[in-house]
Amino acid sequence: MTETVAAPGSGSSGVVERLWRRWPASVLIGACLIIGALSLLVPTALGFDPAAWVVWGREVAAFDLDTSAEPSWKPLPVLVTAVGSITGEASPAIWMVIGRAAGLLLVVGVFSLARRFAGVPAGVVAVAALVLTPDGEPRLIRTIVEAHSAPLDAALAVGALERHLAGHRG
């Protein structure tokens, strides 16, 4: 007789636990992208750095890059905005959707990690701590709303850690 040992926090009780185990990552990413797109209905502007990355993305796509008048260089946002520049004037909105979706994925990832080790209540506490803790000058919500790259970087790191813990090391 074989006995299965469950991971901490993976008990079968609770609706959240059952849904969390059944939703593939693609559904969560899609939901975050949809919410990111819907967030464009609220009038907001890109932050200074993200606006510069959109400009740099256009310049990279046109093979005419000039970094002398803008803020810090960040290759990932510039790569994404260079690809998005083929949409013309929609490029800032595309970056905003991606940036906001990444912020939501960060929140989902932090919840998932904490839930994995200590259950749903720990996930809720971890998300509250993430969202409410000041990060230097701006808070996380502001960096997400203005589509900064830090939430994207953090979401990728948390996602990689989550995949590693799930046994997907490729």
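Pro77, Val80, Thr81 and Gly84 in helix H4 meet Ser91, Ile94, Trp95 and Ile98 in helix H5, where contact means heavy atoms within 4.5 Å. By class, this contact of H4 with H5 has five nonpolar, three polar and no charged residues. For the classes, Ala, Val, Leu, Ile, Met, Phe, Trp, Tyr, Cys and Pro count as nonpolar, Asp, Glu, Lys and Arg as charged, and the others, Gly among them, as polar.

Before going further, a word on the source: this is a predicted model, in which local features need pLDDT of at least 70 and side-chain atom pairs count only at pLDDT 80 or more, while totals for chains, interfaces and linings use all residues. Residues are numbered from 1 along each chain as its sequence is written, and side-chain values use heavy atoms, with hydrogens and water left out.

**Helices around H5**

Two packed helices are described by the angle between their axes and the distance between the axes. Here the axes are lines fitted to C-alpha atoms, for helices over the stretch in contact, and angles run from 0 to 180 degrees between N-to-C directions. The helices themselves (H or I, at least four residues) are DSSP runs, numbered from the N terminus.

| Helix pair | Axes come within | Crossing angle |
|---|---|---|
| H2 (residues 25-38) and H5 (residues 91-118) | 8 Å | roughly 130° |
| H4 (residues 75-84) and H5 | 9 Å | roughly 135° |
| H5 and H6 (residues 120-132) | 7 Å | roughly 140° |

H2 and H5 are therefore oblique to each other, and so are H4 and H5. On this scale, angles under 35 degrees count as roughly parallel, over 145 as roughly antiparallel, 65 to 115 as roughly perpendicular and the rest as oblique.

On the H2 side, Leu28, Ile29, Cys32, Leu33, Ile35, Gly36 and Ala37 meet Val97, Arg100, Ala101, Leu104, Leu105 and Val108 of H5. Those residues divide into 11 nonpolar, one polar and one charged.

Towards H6, the H5 residues in contact are Leu106, Val107, Val110, Phe111, Ala114, Arg115 and Ala118, and their partners in H6 include Val120, Ala122, Val124 and Leu130. That contact has 13 nonpolar, one polar and one charged residues.

Isoleucine 98, named above among the partners of H4, is placed in helix H5. At 27% relative accessibility it counts as partly exposed; buried means under 20% relative accessible area, exposed over 50%, and partly exposed in between (1.4 Å probe, protein chains only). The C-alpha atoms of isoleucine 98 and leucine 152, 54 residues apart along the chain, are separated by 8.4 Å.

**Salt bridges**

Side chains of opposite charge can pair when their charged atoms come close. How many salt bridges does the structure hold? There are two, a salt bridge being a side-chain nitrogen of Lys or Arg within 4 Å of a carboxyl oxygen of Asp or Glu.

One joins arginine 116 to glutamate 162, with the closest N and O atoms 2.7 Å apart. Arginine 116 lies in helix H5 and glutamate 162 in helix H8 (residues 150-165), so the pair ties together parts that are 46 residues apart in sequence. Arginine 116 counts as buried at 17% relative accessibility, and glutamate 162 counts as buried at 16%.

The other is between glutamate 146 and arginine 142, whose closest N and O atoms are 3.3 Å apart. Arginine 142, at 37% relative accessibility, counts as partly exposed.

Note on methods:
Helices (H or I, at least four residues) and strands (E, at least two) are DSSP runs, numbered from the N terminus.
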